[in-house]
Amino acid sequence: MSNNLLKGKKGIIFGALNDMSIAWKVAERAHEEGAEFVLTNAPIAMRMGEINKLAESCGNALVIPADATDMDDLSNLFDKATEHLGGKIDFILHSIGMSPNVRKGKHYTETNYDFYHKTLDISAMSLHRVLKTAYEKDAVNDWGSVVALSYIAAQRVFPDYNDMADAKSLLESITRSFGYHYGIRNKVRINTISQSPTMTTAGSGVKGFDEFVAYAEDMSPLGNAGSIECANYVVSMFSDLTKYVTMQNLFHDGGYSFTGVSEKVIEKFKQ
Ligand SMILES: NC(=O)c1ccc[n+]([C@@H]2O[C@H](COP(=O)([O-])OP(=O)(O)OC[C@H]3O[C@@H](n4cnc5c(N)ncnc54)[C@H](O)[C@@H]3O)[C@@H](O)[C@H]2O)c1
């Protein structure tokens, strides 16, 4: 259903790998709501060509490869995107995460520091890189909106989330710090949405993910929030209905974050 919430708005969407990706759903919903955008992902992630299918279904959106840790790629992306879209943009989705330590099964206490650097650069500093590029090029309209995706491991320990927890803490901190400066200069708002565990390529890379999803489901009064619901929330954050929300970490998790324990979980401990 469309309410034309993003009619006339232009943006850049990072991170649609396949049709399970949260960014994929955001692109579909943003298109339905009347937005025009450029899709981007790391060159290596485009090898399977999946993103072209999404581009086609989103009014033949332009696809521009960019490694979010590479400043030249980001500069090229913003130049080409603003040229193609005919001027400044209104929204950016940062939906990027990857940890080589998680991928290689390195325990948090035995971290590989080269991997750790990569985790932080890809999953958190990339937001700073994207914002700095946009800021220097003055590429975002006043009252524009930037959303990055986070996870509650930024605040609480989830042992197998590994160094991604540290990356999410940094991501949320960059959101506040850059949100301040960009807010002052251009009223650009920057927020993170802290999403329920969701079955995607990045999500299922975490050890014991299925059990983790089931636990969160039983702990959340509303149940886990799905990726389509997440996309709806992102759309509302890109819209003019949320103009004064900035520098926040917004939980989108069916109430999980504020539940100490649920009856469903207690039930499982009864002898
Ligand atoms: N799935 C979950 O349970 C969950 C929960 C909370 C938050 N998130 C966050 O949502 C975001 C999107 O993840 P997803 O679950 O849709 O999985 P996904 O695997 O579909 O998306 C991750 C994306 O990051 C991209 N990426 C990796 N390295 C990159 C680089 N160097 N440059 C540019 N892009 C790069 C990948 O190509 C991929 O498109 C991530 O930040 C993730 O941490 C996911």
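Visitor: Why is Tyr151 called buried?
Guide: A residue counts as buried if 20 or more other C-beta atoms lie within 10 Å of its own, as exposed if 12 or fewer do, and as partly exposed in between, with C-beta atoms placed from the backbone. Tyr151 has 26 such neighbours inside 10 Å, so Tyr151 is buried. Please keep in mind that this is a predicted model, in which local features need pLDDT of at least 70, side-chain atom pairs count only at pLDDT 80 or more, and totals for chains, interfaces and linings use all residues. Residues are numbered from 1 along each chain as its sequence is written.

Visitor: Where does Tyr151 lie, and what does Tyr151 contact?
Guide: Tyr151 sits in the loop between E5 and helix H6 (164-186); helices (H or I, at least four residues) and strands (E, at least two) are DSSP runs, numbered from the N terminus. Leaving aside neighbours within four places in sequence, Tyr151 is in contact with Lys168, Ser194 and Gln195, where contact means that the C-beta atoms, placed from the backbone, lie within 7 Å.

Visitor: Which residues does UniProt list for "active site"?
Guide: The UniProt record, an unreviewed entry, lists Tyr151 and Tyr161. Its positions are given in the numbering used here, feature names are shortened, and annotations may be inferred rather than shown by experiment.

Visitor: What makes Tyr161 buried or exposed?
Guide: Tyr161 has 23 other C-beta atoms within 10 Å, so Tyr161 is buried. Tyr161 is also found in the loop between E5 and H6, and touches Ala153 and Val206, not counting residues up to four places away in sequence.

Visitor: Which residues are closest to the ligand?
Guide: The closest are Ser21, Ala45, Gly97, Ala202 and Gly203, among 27 residues that surround the ligand. A residue is near a molecule if its C-beta atom, placed from the backbone, lies within 6 Å of it. H7 gives the most to this shell, with 3 residues.

Visitor: What does UniProt say about Ser21, and is Ser21 buried or exposed?
Guide: In the unreviewed UniProt entry, Ser21 is one of the "binding site" positions, which also include Gly15. With 24 other C-beta atoms within 10 Å, Ser21 is buried. Gly15 is buried too, because 26 C-beta neighbours lie inside 10 Å. Ser21 lies in the loop between E1 and H1, and Gly15 is among the residues Ser21 touches.

Visitor: How do you know that the buried residues of H9 are on the same side?
Guide: The buried residues are Ser227, Cys230, Ala231, Val234, Val235, Met237 and Phe238. They cover an arc of only 160° around the axis, so they lie on the same side of H9; the arc is that of the directions from the helix axis to the C-beta atoms. An α-helix has 3.6 residues a turn, so residues three or four places apart point the same way. Those buried residues of H9 pack against E1, H1, strand E4 (89-94), E5, strand E6 (189-195) and strand E7 (249-252).

Visitor: Why is Asp138 called exposed?
Guide: Asp138 has 11 C-beta neighbours inside 10 Å, so Asp138 counts as exposed. Phi of Asp138 is near 45°, a positive value in a residue other than glycine.

Notes:
Contact = placed C-beta atoms within 7 Å.
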